[in-house]
Amino acid sequence: MTHDNHTPDAELPKFSVNVVPANQLKCEDIRTMLNLYRRGEITPLIFGDDNKPEAAVIPFAAFVRLMKYDHAARAREENAFQAELSRRIQASDASGDPGMTLEELGDELGGPAQAMIRKVLGDDE
């Protein structure tokens with residue numbers, strides 16, 4: 001099966017996977033994969049139904065790398081948000097205008113920033 005990766009925020013080339021139907025997955029398959037991983041193999045065991053990939057068994061080292069990558073990505077997003085917030089504060093201070101309220105800033109930034117600001121202000125529903 002060719003997977004065109006409709007995962008949000010992911011930039012991957014098209015790739016092929018072999019999907020093991022979930023009802024055909026056996027304990028033996030897991031043991032086989034574990035032995036392959038112990039020998040350094042990294043190919044995931046992908047399974048699901050109707051030839052649709054739904055889950056993957058991967059080596060634990062690969063899982064740890066993914067977790068580190070996700071953590072670093074969240075830190076980069078937070079740093080970018082903080083940098084943009086600082087830039088806007090400095091620009092507002094330099095302009096002499098009274099600026100905007102935190103609510104207005106959240107509305108302008110949208111998404112995660114808006115949610116963070118609402119949480120700080122106690123307006124999250």
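Q: Before we start, what counts as a helix or a strand here?
A: Helices (H or I, at least four residues) and strands (E, at least two) are DSSP runs, numbered from the N terminus. The model is a predicted one: local features need pLDDT of at least 70, side-chain atom pairs count only at pLDDT 80 or more, and totals for chains, interfaces and linings use all residues. Residues are numbered from 1 along each chain as its sequence is written, and side-chain values use heavy atoms, with hydrogens and water left out.

Q: How much of the chain is buried?
A: Buried residues are 14% of the 125 in the chain. Buried means under 20% relative accessible area, exposed means over 50%, and partly exposed is in between (1.4 Å probe, protein chains only).

Q: Let's look at α1. How far does this helix reach?
A: Helix α1 covers residues 27-38, twelve residues, and spans 17 Å from its first C-alpha to its last, close to the 16 Å expected at 1.5 Å a residue. The expected span is 1.5 Å times one less than the number of residues.

Q: What comes just after α1?
A: Gly40, which takes a positive phi of about 100 degrees.

Q: Which residues other than glycine have a positive phi?
A: Asp50 is one of them, with phi near 55 degrees, and Asn51 is another, near 60 degrees. Most residues other than glycine have a negative phi.

Q: Where are Asp50 and Asn51?
A: Asp50 is in the loop between β4 (45-48) and β5 (55-57), and Asn51 lies in the loop between β4 and β5 too. Asp50 is exposed, because its relative accessible area is 80%, whereas Asn51, at 43%, is partly exposed.

Q: Moving on to Ile58: what does Ile58 touch?
A: Leaving aside neighbours within four places in sequence, Ile58 is in contact with Tyr37, Pro44, Phe63 and Leu66. Ile58 sits in the loop between β5 and α2, and its 31% relative accessibility makes it partly exposed. From Ile58 to Leu34, 24 residues apart in sequence, the C-alpha to C-alpha distance is 9.0 Å.

Q: New topic: how do α3 and α4 pack?
A: Helix α3 (residues 102-109) and helix α4 (residues 111-121) pack at an angle of about 160 degrees, and their axes are 7 Å apart. Therefore α3 is roughly antiparallel to α4. Axes are lines fitted to C-alpha atoms, for helices over the stretch in contact, and angles run from 0 to 180 degrees between N-to-C directions. Angles under 35 degrees count as roughly parallel, over 145 as roughly antiparallel, 65 to 115 as roughly perpendicular and the rest as oblique.

Q: Which residues meet between α3 and α4?
A: On the α3 side, Leu102, Glu103, Leu105, Gly106, Asp107 and Leu109 meet Gly111, Ala113, Gln114, Ile117, Arg118 and Leu121 in α4.

Q: What about Val120, buried or exposed?
A: Val120 is exposed, at 68% relative accessibility. Val120 belongs to helix α4, and its C-alpha is 9.8 Å from that of Leu102, 18 residues apart along the chain.

Q: Last one: where is Ile89?
A: In helix α2 (residues 60-95). Ile89 is partly exposed, with 45% relative accessibility.

Note on methods:
Contact means heavy atoms within 4.5 Å.
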